[in-house]
Amino acid sequence: MHDLQELLDNNARWAESINERDPEFFAKLARQQTPEFLWIGCSDARVPANEIVGMLPGDLFVHRNVANVVLHTDLNCLSVIQYAVDVLKVKHILVTGHYGCGGVRAAMQDQQFGLIDGWLRSIRDLYYVHRHDVAQLPTEEAQVDRMCELNVIQQVSNVAQTTIVQNAWHRGQALSIHGCIYGIKDGRWKSLDTNISGLDQLPQQYRLRPIG
Ligand SMILES: [Zn+2]
C-alpha cells in the first residue's frame with residue numbers, strides 16, 4: 001500500500017533531480033508553456049501520457065477521459081481543444097487509445113455499469129456499426145482490441161470535424177490530428193496511420209464555412 005507521505009517524498013526527490021540537471025527548468029516553465037502537442041487519451045492509470053512518449057513537463061497539453069472519447073457536446077474536452085488550438089497553437093493533436101481498454105470493453109457488453117454507460121454510448125453505437133466485422137475475430141480480446149482501434153479512428157474524425165479545428169484550417173494554421181494506440185502489455189505506442197491535416201480530408205457533409 002502507498003500512502004500520501006510516500007508520494008510527497010517521491011515528489012521532493014523528483015523535483016530535486018530535475019533541479020540538479022537544470023536549475024532553471026521550473027523557473028522557465030513557470031513563465032510560459034509552449035507545448036506543440038495536445039494529447040487526448042484514456043484515464044486508465046496504465047497510460048501515463050508524458051512517460052510513454054518521453055516528454056517533460058511543458059511538452060504535452062493533456063486531456064484524458066474514460067476511453068478517450070471526443071463528443072461535440074462535451075464542454076470539458078472542447079474547451080481543452082479550443083485553448084490548445086487557438087491560444088497555445090499546438091501543431092499536433094494525438095488521439096491515443098490503448099489495447100484492452102475497459103471503457104471500450106464495457107461498451108460491448110450486455111450489462112449496465114451505471115452513469116458511465118451514457119458516457120460510453122457513442123462507442124456502443126460504433127460497435128453496432130462494426131459488429132459483423134468485429135465478430136469475425138476469434139477471441140474476445142481481439143474483438144475488444146479492434147474496437148479500441150476503431151474508436152481511435154472515430155475520435156480522430158470527431159476532433160477534425162469540430163469547428164475549432166476547421167476554423168484553424170480556414171485561418172491557414174498548420175494543425176494535424178493523428179490516431180495512435182498504446183499496448184499496455186508491451187509498452188509500445190504506435191501510429192494507426194490515421195492522419196488528418198486539412199479540410200480536404202473531411203467528408204463534404206462535415207465541412208463547415210465560418211460564420212459571416
Ligand atoms: Zn481505457
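Is Arg-46 buried, partly exposed or exposed? Arg-46 is partly exposed because its relative accessibility is 45%. The cut-offs are under 20% relative accessible area for buried, over 50% for exposed and in between for partly exposed (1.4 Å probe, protein chains only). The legends below take up this residue again, along with other sites.

This is a predicted model, in which local features need pLDDT of at least 70, side-chain atom pairs count only at pLDDT 80 or more, and totals for chains, interfaces and linings use all residues. Residues are numbered from 1 along each chain as its sequence is written, and side-chain values use heavy atoms, with hydrogens and water left out.

**View 1. The whole chain: nine helices and five strands.** Helices (H or I, at least four residues) and strands (E, at least two) are DSSP runs, numbered from the N terminus. Starting at the N terminus, the order of elements is α-α-β-α-β-α-β-α-α-α-α-α-β-β. The C-alpha trace spans about 55 × 55 × 30 Å along its principal axes. The chain has 212 residues, and 39% of them count as buried.

**View 2. A nonpolar surface patch of Leu-4, Leu-7 and Leu-8.** Areas come from the Shrake-Rupley method with a 1.4 Å probe; for residues, only the protein chains shown count as cover. A patch takes residues with over 30% relative accessible area and no salt bridge; like charges are joined within 9 Å, and nonpolar side chains (Val, Leu, Ile, Met, Phe, Trp, Tyr) within 5 Å. Leu-7 sits in helix H1, residues 4–21. Leu-7 is partly exposed because its relative accessibility is 48%.

**View 3. The salt bridge of Asp-44 and Arg-46.** The N to O distance is 2.7 Å. A salt bridge requires a side-chain nitrogen of Lys or Arg within 4 Å of a carboxyl oxygen of Asp or Glu. Side chains of opposite charge can pair when their charged atoms come close. The structure holds seven such bridges. Asp-44 counts as buried because its relative accessibility is 17%. Arg-46 is partly exposed, at 45%.

**View 4. The salt bridge of Asp-22 and Lys-28.** Here the side chains meet at 3.3 Å, N to O. Asp-22 is partly exposed, with a relative accessible area of 24%. Lys-28 is also partly exposed, at 43%.

**View 5. The salt bridge of Lys-185 and Glu-141.** The N to O distance is 2.3 Å. This pair links distant parts of the chain, 44 residues apart. Lys-185 is in the loop between strand S4 (176–182) and strand S5 (189–196), while Glu-141 is in helix H8 (residues 140–161). Lys-185 counts as exposed because its relative accessibility is 73%. Glu-141 is partly exposed, at 40%.

**View 6. The largest pocket, with about 220 Å³ of space.** Its lining includes Lys-185 and Glu-141. Among the other lining residues are Tyr-99, Gly-100, Arg-105, Asp-145, Ile-181 and Lys-190. The lining divides into three nonpolar, two polar and seven charged residues. Ala, Val, Leu, Ile, Met, Phe, Trp, Tyr, Cys and Pro count as nonpolar, Asp, Glu, Lys and Arg as charged, and the others, Gly among them, as polar. On a 1 Å grid over the protein atoms alone, a pocket is an open set of points where a 1.4 Å probe fits, with protein on both sides within 12 Å along at least five of seven lines; lining residues have an atom within 4 Å of a point. Grid points are joined across faces, edges and corners, and the volume is the space filled by probe spheres set on them.

**View 7. Positive phi at Ala-67.** Its phi is about 75°, although Ala-67 is not a glycine. Most residues other than glycine have a negative phi. Ala-67 lies in the loop between strand S2 (60–65) and helix H4 (75–87). Ala-67 is buried, at 0% relative accessibility. Val-69 is found in the loop between S2 and H4, and is buried with a relative accessible area of 0%.

**View 8. Positive phi at Lys-89.** The value is near 55°. Lys-89 belongs to the loop between H4 and strand S3 (92–98). Lys-89 is partly exposed, with a relative accessible area of 44%.

**View 9. Ser-176 and Lys-91, 6.4 Å apart in space, C-alpha to C-alpha.** In sequence these residues are 85 apart. Ser-176 is in strand S4. Ser-176 is buried because its relative accessible area is 16%.
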